[in-house]
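Subject: The two-chain model for you to look at

Hi there,

Here is the model I promised to pass along. Have a look at it first, and then read on for what I found in it.

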Amino acid sequence: MSSPSLYHQSDTRIQSELRIIEKSKKNPNHFAPLYEQYHENIFRYIVKRVDDVEAAYDITSNVFVKALTNLHKYEFRGVPFSSWLFRIAKSELYQSFRDKKARRTVSIDKVIVADIFEEFEESCNEERKSELMQALRKINEKDLALIELRYFEKRSYREIGEIISVTENNAKVKTFRALQRLKKVYHK
Amino acid sequence: MQKLKHLELYKDSKKFTINENNNLNSLKLRRMRKILHNRNEPSAHEIRNRQDFDLVIKKYKPSINYWKNPWFYGSIGLASILSSLLLSI
């Protein structure tokens with residue numbers, strides 16, 4: 001399932017979010033509408049990367065606690081609030097891997113596997129699928145994160161750029177290189 | 001895997017740099033990677049039911065910035081004046 005895009009927001013919506021953020025800095029109870037709006041997206045981002053659903057709920061909750069604690073540091077720099085939340089989610093996720101509270105997981109379905117083989121310009125069969133799974137285990141974390149965001153979650157380059165804190169073009173280049181490296185490992 | 005063993009051997013030695021330590025963590029993470037096929041994710045309804053903003057508020061601890069409080073500088077200033085006066089007597 002691809003995640004709904006939160007990046008093509010209207011100015012009115014961004015302004016309304018900023019008003020909520022300013023109110024929440026004074027009173028955290030005002031943060032509720034943003035929590036309700038982004039909870040599902042953040043949860044889906046996390047659950048795809050951990051094997052335990054309950055752990056994913058805990059990590060999601062921690063993301064919002066951390067966001068609320070650091071809200072006074074948040075400044076609008078032209079990127080949506082969700083981008084800031086995703087960065088916190090990424091850091092919380094890796095913290096839970098380090099604490100061994102969660103196991104690094106890659107969630108993949110049949111359609112995605114077929115899409116990857118289309119990118120490789122190859123036909124898909126059981127043997128090749130198993131080789132691809134081995135390659136996904138071998139590639140480095142940064143490359144895997146980019147492949148997950150682009151090919152498994154179908155995010156736009158703009159979204160990827162905002163999640164990993166690079167420009168849209170840079171995200172495109174990095175994703176292309178990550179796919180090339182996956183291809184190289186797969187063909188070894 | 002050979003590289004991982006090699007890095008583990010040198011983990012406690014002085015020659016082991018931060019960069020190598022990161023590589024070790026990355027290698028461990030890769031070894032632990034699990035691939036799940038056609039996984040059943042919770043539905044939107046189920047996720048919405050698990051929303052608990054009260055728990056977030058309960059866990060939230062506001063960060064107190066002492067240095068942003070005028071009383072902080074006031075008391076430090078007063079303490080330094082008093083200590084300099086005491087020393088001069």
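Which residues of α7(A) and α9(A) meet each other? On the α7(A) side they are A:D143, A:L146, A:I147 and A:R150. Facing them in α9(A) are A:K174, A:T175, A:A178, A:L179, A:R181 and A:L182. Please keep in mind that this is a predicted model.

The two helices cover residues 141-152 (α7) and 168-187 (α9) of chain A, and their axes are 9 Å apart at an angle of about 110°. That angle makes α7(A) roughly perpendicular to α9(A), because values from 65 to 115 degrees fall into that class. Sorted by class, their contact consists of 5 nonpolar, 1 polar and 4 charged residues.

Stepping back to chain A as a whole, you will find 9 helices and 1 strand. Read from the N terminus, the order of elements is α-α-α-α-β-α-α-α-α-α. The C-alpha trace of chain A spans about 55 × 35 × 25 Å along its principal axes. The radius of gyration of chain A is 18 Å, which agrees with the value near 16 Å that a compact globule of 188 residues would have.

Chain A is also split into two domains, with domain 1 at 11-98 and domain 2 at 110-187. Their C-alpha centres lie 26 Å apart. Between them, 5 residues of domain 1 of chain A are in contact with 4 residues of domain 2 of chain A. The domain 1 side of that contact has 2 nonpolar, 1 polar and 2 charged residues.

Now to the partner chain. Here 33 residues of chain A are in contact with 26 residues of chain B. Four elements of chain A each supply at least two residues to the side that touches chain B: α2 (32-47), α3 (53-69), β1 (105-108) and α6 (126-138). By class, that side of chain A divides into 16 nonpolar, 7 polar and 10 charged residues.

The strand β1(A) deserves a look of its own. How does β1(A) pair with strand β1 of chain B, parallel or antiparallel? The pairing is parallel, over 4 bridges, and the strand in chain B covers residues 34-37. Within this pairing, A:V106 stands opposite B:I35 of β1(B).

Do tell me what you make of it when you have had a look.

Best wishes

How values were computed:
Residues numbered from 1 in each chain as written. Chains lettered and ligands numbered in written order. Predicted model: local features only at pLDDT ≥ 70, side-chain atom pairs only at ≥ 80, totals over all residues. Axes fitted to C-alpha atoms, helices over the stretch in contact; angles between N-to-C directions. Parallel < 35°, antiparallel > 145°, perpendicular 65-115°, else oblique. Contact = placed C-beta atoms within 7 Å. Nonpolar A, V, L, I, M, F, W, Y, C, P; charged D, E, K, R; others polar. Domains from an automatic or database assignment. Pairing = 2+ DSSP bridges. Rg over C-alpha atoms; globule rule 2.2 N^0.38 Å.
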